[in-house]
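Please look over the sequence and the structure below.

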Amino acid sequence: MERFADKVVMITGAGDVALAVGKRVLSEGAKVAFADFSEQALAAAAEEMKASGYELERVMMVECDVRRQESCDAAVADVLKKWEKVDTLVATAGIIRHLPIDEMSEKDWQDVVDINLGGVFRSCKAVVPGMKKRRYGRIVIISSIGGRTGRNVGVNYAASKAGVNGMAINLGYNLAPWNITVNTVAPGPLKGKMFSSMPQEQQDSLAADVPLQRIGELSDVAAAVAYLGSDDAAWTTGEVLDVNGGLQY
Ligand SMILES: NC(=O)c1ccc[n+]([C@@H]2O[C@H](COP(=O)([O-])OP(=O)(O)OC[C@H]3O[C@@H](n4cnc5c(N)ncnc54)[C@H](O)[C@@H]3O)[C@@H](O)[C@H]2O)c1
């Protein structure tokens, strides 16, 4: 099934989740733009797409720092110049700094909120005018179980992820008249570098609690994003899709 034939998918971030989503939608016919502020991440993404057999004509890399609106606007302009539209935006760019509040600096708070919440605002703001003009858009934001339970994460991260869920409710409602849907996917712990960077004790306690008895695969999240980013979910908006092995909150 080629759900993404003729579709242009822009993904902020070029890390673990972004690459899994990219490969999934490429396998369903999409053209994919990865937008990251790290040259290294973009180079690794290009390498991995090539190694996975995707012709580089269907893949582009754009520099984008989601901390700045001009950078998001310029990244979208690059994609429009090459492919004329963005059908689906997938916002994955994010960071973690899990510290107890009494050890968390103002900067730790600001940085996480600025990227995980402000960055999603700015990337959405950059794509919405084109989507409104075409009366079509699918926006999928990567949230987290941390924004649902608030457990095992820093208050900065929990607030930023709960914040994007609120953003999807607001934008899902307000952009519906233009046939633009906005949803979030809230993953539990996934096999990837974000999870493995947590202290072992925290990793073990998270894994032990999962009813489906395993940590999530990146492909589990990619499948959910592909659903919400496609026309299969054309009548779903403002939702949070939990992908967490049954870890309830
Ligand atoms: N991995 C997990 O276990 C997990 C679980 C739940 C939610 N998430 C969420 O999924 C998303 C992706 O996580 P991941 O595992 O792929 O992480 P990752 O660290 O592999 O990738 C994140 C990417 O975001 C980029 N980035 C950071 N700041 C940026 C900025 N200012 N501008 C542009 N790009 C920036 C980084 O360069 C990196 O390539 C994050 O929002 C994360 O909070 C991850």
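Helix 3 passes helix 4 in a right-handed crossing. A crossing is right-handed if the near helix is turned clockwise from the far one by less than a right angle, and left-handed if anticlockwise. From helix 3, Gln69, Cys72, Asp73, Val76 and Leu80 make the contact, and from helix 4, Arg122, Ser123, Lys125, Ala126, Val127 and Gly130; contact requires C-beta atoms, placed from the backbone, within 7 Å. These residues divide into 5 nonpolar, 3 polar and 3 charged. Here Ala, Val, Leu, Ile, Met, Phe, Trp, Tyr, Cys and Pro count as nonpolar, Asp, Glu, Lys and Arg as charged, and the others, Gly among them, as polar.

This is a predicted model, in which local features need pLDDT of at least 70 and side-chain atom pairs count only at pLDDT 80 or more, while totals for chains, interfaces and linings use all residues. Residues are numbered from 1 along each chain as its sequence is written. Helices (H or I, at least four residues) and strands (E, at least two) are DSSP runs, numbered from the N terminus.

Another helix pair is formed by helix 1 (residues 16–27) and helix 8 (residues 218–228), which pack at about 55 degrees with their axes 8 Å apart. Axes are lines fitted to C-alpha atoms, for helices over the stretch in contact, and angles run from 0 to 180 degrees between N-to-C directions. Helix 1 and helix 8 are therefore oblique to each other (under 35 degrees is roughly parallel, over 145 roughly antiparallel, 65 to 115 roughly perpendicular, and the rest oblique). In the contact, residues of helix 1 including Asp16, Val17 and Ala20 meet residues of helix 8 including Leu218, Ser219 and Val221. The residues of this contact comprise 10 nonpolar, 1 polar and 2 charged.

The ligand is surrounded by 31 residues, the closest being Gly13, Gly15, Val17, Gly94 and Met194; a residue is near if its C-beta atom, placed from the backbone, lies within 6 Å. Helix 1, helix 4 (106–134) and helix 6 (193–196) each supply at least two residues of this shell. The shell divides into 16 nonpolar, 10 polar and 5 charged residues.

Most residues other than glycine have a negative phi. Asparagine 179 has a positive phi near 60 degrees and sits in the loop between helix 5 (155–175) and strand 6 (180–187). Because asparagine 179 has 15 C-beta neighbours inside 10 Å, it counts as partly exposed (20 or more is buried, 12 or fewer exposed, and in between partly exposed).

Key:
Two residues are in contact if their C-beta atoms, placed from the backbone, lie within 7 Å.
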